[in-house]
Amino acid sequence: MLCLKCLIKPHMRVMQTCQDLSLRLLTTRIETSQSLTFEVPSYFSLCDKLLQNQKLAQDLVETMTVHYDFLSESEESSLMNELDPYMKKLHYEFDHWDDAIHGYRETERMNWNEANSKILDRVRNIAFPPEVSPIKYVHILDLDKKGWIKPHIDAVRFCGDTIAGLSLLTDSVMRLVQDRNKDLYADVFLRRRSLYVMKAVARFEYTHEILSNENSIFKGEKVLKDRRISVICRNQPDPKYKDT
């Protein structure tokens with residue numbers, strides 16, 4: 001069983017924010033000085049320096065995808081009905097062994113009921129090619145309304161090149177910051193019941209974090225996060241990183 005320590009009802013205002021964002025999040029087009037263009041999905045907001053570098057921007061956009069409305073309301077309820085009785089027995093922790101998370105509780109789960117097993121199979125089918133072996137245990141991270149996840153890159157010796165996460169209960173904003181140059185960053189709007197898939201460049205070259213409510217802004221709009229549960233699937237680590 002993978003060691004947990006090795007991995008690192010919304011109110012009306014939130015509902016209105018989501019509605020406003022849905023109207024305003026139009027697909028952006030990036031145009032470089034060489035007149036090359038590519039489409040940036042509406043869930044992305046890139047900083048100016050990334051907008052000026054098409055290669056870096058495109059590498060990031062192509063390796064971080066978000067699938068809105070991946071879950072129906074009934075599917076979200078099904079997952080919560082299975083998870084919540086156990087999660088509510090745990091206490092929120094406001095410090096983490098490596099200071100990566102604030103206000104969280106977590107567990108791992110391998111066995112699921114039939115309906116939720118089908119949901120997770122859909123996640124794996126989208127995230128992992130047939131030849132890739134997912135980790136059997138699914139990571140459940142329950143973030144308090146006042147909690148946040150600090151910038152980090154998941155350790156390569158514990159998980160592979162792809163991270164796929166379902167976002168339950170609330171909208172939130174994920175920030176990706178290039179590890180070598182902190183001036184290069186992008187914000188990603190994770191809508192409630194969406195699925196994100198992070199791989200390759202986004203997985204290895206950018207830190208990821210969930211912004212606190214004090215800092216949670218997307219395209220000029222405040223996004224107030226409530227309690228958030230993420231259901232995270234990962235693939236097996238590359239054997240070459242076993243002893244790193």
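**Figure 1. Arg191 and the ring of Tyr68 in a predicted model**. The charged end of arginine 191 lies over the ring of tyrosine 68, at 4.0 Å from the ring centre. A charge is taken to sit over a ring when NZ of Lys or CZ of Arg is within 6 Å of the ring centre and within 35 degrees of the ring normal. Arginine 105 is placed over tyrosine 92, with its charged end 4.0 Å from the centre of that ring. Because the model is predicted, local features need pLDDT of at least 70 and side-chain atom pairs count only at pLDDT 80 or more, while totals for chains, interfaces and linings use all residues. Residues are numbered from 1 along each chain as its sequence is written, and side-chain values use heavy atoms, with hydrogens and water left out.

**Figure 2. The aromatic cluster that includes Tyr68**. Tyr43, Phe44, Tyr68, Phe189 and Phe218 make up one aromatic cluster. Rings of Phe, Tyr and Trp (its six-membered ring) pair if their centres lie within 6.5 Å; planes under 30 degrees apart count as stacked, over 60 as edge-to-face and the rest as tilted. Four aromatic pairs are counted by this rule. One of them joins tyrosine 43 and phenylalanine 44, a tilted pair because the centres are 5.6 Å apart and the planes stand at 40°. Tyrosine 43 has a relative accessible area of 9% and is therefore buried (buried means under 20% relative accessible area, exposed over 50%, partly exposed in between, with a 1.4 Å probe and protein chains only). Phenylalanine 44 is buried as well, at 1%.

**Figure 3. Phe44 in the largest nonpolar core**. A nonpolar core is a set of buried Ala, Val, Leu, Ile, Met, Phe, Trp, Tyr and Cys residues joined through side-chain atoms within 4.5 Å. The largest one holds 32 residues, and those with the most contacts inside it are Phe44, Met64, Met174, Leu176, Val188 and Tyr196. Another core, of 23 residues, lies apart from it; Phe128, Val138, Ala164 and Cys233 are among its members. Beyond its neighbours within four places in sequence, phenylalanine 44 is in contact (heavy atoms within 4.5 Å) with Leu60, Val61, Met64, Leu176, Ala186, Asp187, Val188, Phe218 and Lys219.

**Figure 4. Helix 4 and its kink at Asn81**. Helices (H or I, at least four residues) and strands (E, at least two) are DSSP runs, numbered from the N terminus. Helix 4 covers residues 73–87, 15 residues in total, and its first and last C-alpha atoms are 20 Å apart, close to the 21 Å expected at 1.5 Å a residue. That expected span is 1.5 Å times one less than the number of residues. At asparagine 81 there is a kink of about 30°, shortly before proline 85; the bend at a residue is the angle between axes fitted to the seven residues ending there and the seven starting there. The buried residues of helix 4 include Glu76, Leu79, Met80, Leu83 and Met87. Among the elements covering the buried residues of this helix are strand 5 (101–109), helix 5 (114–127) and strand 14 (228–234).

**Figure 5. Positive phi at Leu169 and Ala200.** Leucine 169 has a phi near 80°, positive in a residue other than glycine. It belongs to the loop between strand 7 and strand 8 (172–178), and leucine 169 is buried at 17% relative accessibility. Alanine 200, also not a glycine, has a positive phi of about 45°. This alanine 200 is in helix 6 (residues 200–204) and is partly exposed, at 36% relative accessibility.

**Figure 6. Two loop residues, Asp154 and Lys182.** Aspartate 154 is located in the loop between strand 6 and strand 7 and is buried, with a relative accessible area of 1%. Its C-alpha lies 8.3 Å from that of phenylalanine 204, although aspartate 154 and phenylalanine 204 are 50 residues apart in sequence. Lysine 182 is in the loop between strand 8 and strand 9 (185–190). From lysine 182 to tyrosine 206 the C-alpha distance is 9.3 Å, across 24 residues of sequence. Not counting residues up to four places away in sequence, lysine 182 touches Val177 and Thr207.
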